[in-house]
Amino acid sequence: MINVELKGGVVKEFENGVTPAEIAKSIGMGLYKSVCAARVDNEVKDLRTPLDRDCKLELLTFDDPDGKHAFWHSASHVLAQAVKRLYPNAKCAIGPAIENGFYYDFDVEKPFSNEDLQKIKAEMKKIVKSGLEIERFELPADEAVAKLTEMNEPYKVELASEHSGKGENISFYKQGEFTDLCAGPHLMSVAPIKAVELTNCTGAYWRGDADKAQLCRVYGIAFPKASMLEEYLKMMEEARKRDHNKIGRELGFFTTVDYIGQGLPILLPKGARVIQLLQRFVEDTEQKLGWLLTKTPFMAKSDLYKISGHWDHYKDGMFILGDPDAEDEGELYALRPMTCPFQYQAYLNEQRSYRDLPLRYNETSTLFRNEASGEMHGLIRVRQFTISEGHLMCTPEQLEDEFKSCVELATYMLKTLGLYEDVSYRFSQWDPNDREKYIGTQEEWDEVQGMMGKILDHLEIPYKIGIGEAAFYGPKLDIQIKNVFGKEDTLITIQIDPMIAEKFGMEYVDRDGVKKHPFIIHRTSIGCYERTLALLIEKYAGAFPLWLAPTQVKLLAVADRHLDYVYDVKKKLEAEGMRVEVDGRSEKIGYKIRQAQLEKVPYMFIIGDKDIEAGTVSVRHRKEGDLGAMKLEEFVAMAKEEIDTKQIK
RNA sequence: GCUGAUGUGGCGCAGCCGGUAGCGCAACUGAUUCGUAAUCAGUAGGUCAGGGGUUCAAAUCCCCUCAUCAGCUCCA
């Protein structure tokens, strides 16, 4: 007998070898039917795992993230089963659960059309209705490979073969006629997968390698109840309404033009205004913190990039001016994809001593990157962008404090913008198995990654590790954020570079009179203005905080005879430094209010006879509605407070 | 770059199996001067992303290019 501690600390006795599924059943059929997976001593296990010692057991339902995971993973198997029934020649690759749902990759002659997906969905529903039990079994690796070979599943054979020789058994899950190589965990049957939607079908490379076969990836989502699916789909629709690429265009923040080219957006007055406000804020803040502004050229001869290593490691990503196949490469110029090697020249301008360090250079820097044509996305991925760039040269002793101050600056920016709660952290490391991509030796990387890891731990930053995500010259702390589609991008990056100073001969004379190479921190404080603008548009659905709003107050006259007073108010507000617009059209007040609301202007003044008589303005807030009449000075004081403290409302 | 989808007046859409473009909103003009999310009437605007081809005839069929979207790969 073993003692199993259940929810709420209740300890029950069970026979040795009991499974979580059996325990769930003993508690009640309701629980048994809804349980998806088990957490045994904080480890997620399949419900069929025999328990052979005292332990703590949590029975995970769909409400638990790991429960959801198992649920979706089983749904992906149902998807594969349906595909195999309808398209017996399809070869199965992998089909995991993801953050929101699941996908399965298939090798098929022709990618699935929307009609195909409908058919597949219908077949999935049939499978679910049949309520097939899901069984688990294990085979030794060589037998597993033999079985999968017989099943004519080459991708599965490849996966199983990697495990042969390890001496471990390989697990399979089987439901009806469908068997899949899989580590699990899975549901006990397909029955609970009541509501399914196949959301998308796209291409995806086998093992994420662009040189390998391209497969057909079907994305889906599933829930135990139809109402949950409806709710989810509605939520996604709402999220898409915030898509910066849609409302950013509608609200006049930016546009694109076919004959200018991909990834080259036109920032319209509103978008340009927000970026200007952000930029002034960033530059002023950085200056106060001891950063020295530089302005360096947008292009340089190839020689510069050869020293920095960009020519070898980043050439494909650069816009090169001239014929790259020309004999004399010295005459080639390239637009800068990064600011680093330019700003280093400022450092190199004088002989440096340890007394000069840390030396902090910042720049509002426009960069050009020849991104592959399929990569562009609204303002988030573009070919020309402007970044709050900075490079900081310091001694090893200063590294931790300086790194910390860079993180603090980024945090301050994120908090001010209201994005702090929305980001996650990634410690981006090199991939030792992909040496081509990096400079430096194993020892150098181990050392600098060790240092960075220690600093991050001291800062108590909750990061995940990204292997192969480092820059070619050093590891990064990437501050990640998701767009409305759930796609993650880097908003801010702070990097430690122990290698490039040497390449450029950047030195300082230390206390002991010896010349040494400084550490360089590459960092951005607010990221790229275009991308940050995009995420702010999505965050606020276009309704910017007052301090960033392109137009802060819209003045609406009730009737034309009030316009003189209105323009007088405008003048006074502008004298206070506020951004004001007048809607002088001969429309009804309701119409003009509606327009201003749709434009998401923070404050509207409704001005009519009553206001002129009383010498007031009637204030309306876009969210709070009618705030009543007040003296202009009263409003200005209130608005200034809101602006100065950068309130978000 | 790859897979798939899309590209019709400023925006959102119609235009089925080919016979030379419609609607709503916006814009403009006129009337209305009306206090917190849409006043009424009228006018103008597109050759259908661009180029080539098939055809007596193409927005509608075919090819190429460009751009947009989702995903992959890549990346701030």
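In chain A, residues 24 or more positions apart account for 67% of the contacts with a separation of 6 or more, two residues being in contact if their C-beta atoms, placed from the backbone, lie within 7 Å. The structure is a predicted model, in which local features need pLDDT of at least 70 and side-chain atom pairs count only at pLDDT 80 or more, whereas totals for chains, interfaces and linings use all residues. Residues are numbered from 1 along each chain as its sequence is written, and chains are lettered from A and ligands numbered from 1 in the order in which they are written.

Chain A contains 20 helices and 33 strands, where helices (H or I, at least four residues) and strands (E, at least two) are DSSP runs numbered from the N terminus. The C-alpha trace of the chain spans about 80 × 75 × 55 Å along its principal axes. Of its 649 residues, 37% count as buried; a residue is buried if 20 or more other C-beta atoms lie within 10 Å of its own, exposed if 12 or fewer, and partly exposed in between, with C-beta atoms placed from the backbone.

Two packed helices are described by the angle between their axes and the distance between the axes. Here the axes are lines fitted to C-alpha atoms, for helices over the stretch in contact, and angles run from 0 to 180 degrees between N-to-C directions. Angles under 35 degrees count as roughly parallel, over 145 as roughly antiparallel, 65 to 115 as roughly perpendicular and the rest as oblique. Helix α3 (residues 65–86) packs on helix α4 (residues 114–130) at an angle of about 115°, with the axes 8 Å apart, and the two helices are therefore roughly perpendicular to each other. The crossing of α3 past α4 is right-handed, a crossing being left-handed if the near helix is turned anticlockwise from the far one by less than a right angle, and right-handed if clockwise. Val 78, Leu 79, Gln 81, Ala 82, Val 83, Arg 85 and Leu 86 of α3 meet Lys 119, Ile 120, Glu 123, Met 124, Ile 127 and Val 128 of α4. This contact of α3 with α4 comprises nine nonpolar, one polar and three charged residues (Ala, Val, Leu, Ile, Met, Phe, Trp, Tyr, Cys and Pro count as nonpolar, Asp, Glu, Lys and Arg as charged, and the others, Gly among them, as polar).

For helix α9 (residues 269–288) and helix α16 (residues 529–540), the axes come within 10 Å and cross at roughly 110°, which makes α9 roughly perpendicular to α16. In α9, Gly 271, Val 274, Ile 275, Leu 278 and Gln 279 meet Tyr 529, Thr 532 and Leu 533 of α16, and the contact of α9 with α16 has five nonpolar, three polar and no charged residues. Helix α5 (residues 141–150) and helix α6 (residues 154–161), by contrast, pack at an angle of about 170° with their axes 8 Å apart, an arrangement that makes α5 roughly antiparallel to α6. The residues in contact are Ala 141, Ala 144, Val 145, Leu 148 and Thr 149 of α5 together with Lys 156, Val 157, Ala 160 and Ser 161 of α6, and they divide into six nonpolar, two polar and one charged.

The buried residues of helix α12 (residues 340–348) are Cys 340, Pro 341, Phe 342, Gln 343, Tyr 344 and Tyr 347. They pack against several elements, including β20 (359–368), β21 (384–394) and β28 (519–528). In the loop between α12 and β20 lies Pro 358, and the peptide bond from Leu 357 to Pro 358 is cis, with omega near 0°. A cis peptide bond also joins Gly 184 and Pro 185, with omega about -5°, and Pro 185 is placed in the loop between β11 (178–181) and β12 (195–205).

Most residues other than glycine have a negative phi, and most peptide bonds are trans. Lys 600, in the loop between α18 and β31 (603–607), has a positive phi near 65° and counts as partly exposed, with 18 C-beta neighbours inside 10 Å. Lys 646, in the segment after α20 (632–644), has a positive phi of about 50°.

Around RNA strand B there are 62 residues, of which Ser 373, Gly 374, Thr 490, Gly 608 and Lys 610 come nearest; a residue is near a molecule or strand if its C-beta atom, placed from the backbone, lies within 6 Å of it. Helix α18 (residues 589–598) supplies the largest share of this surface, seven residues. By class, the surface near RNA strand B divides into 19 nonpolar, 22 polar and 21 charged residues.
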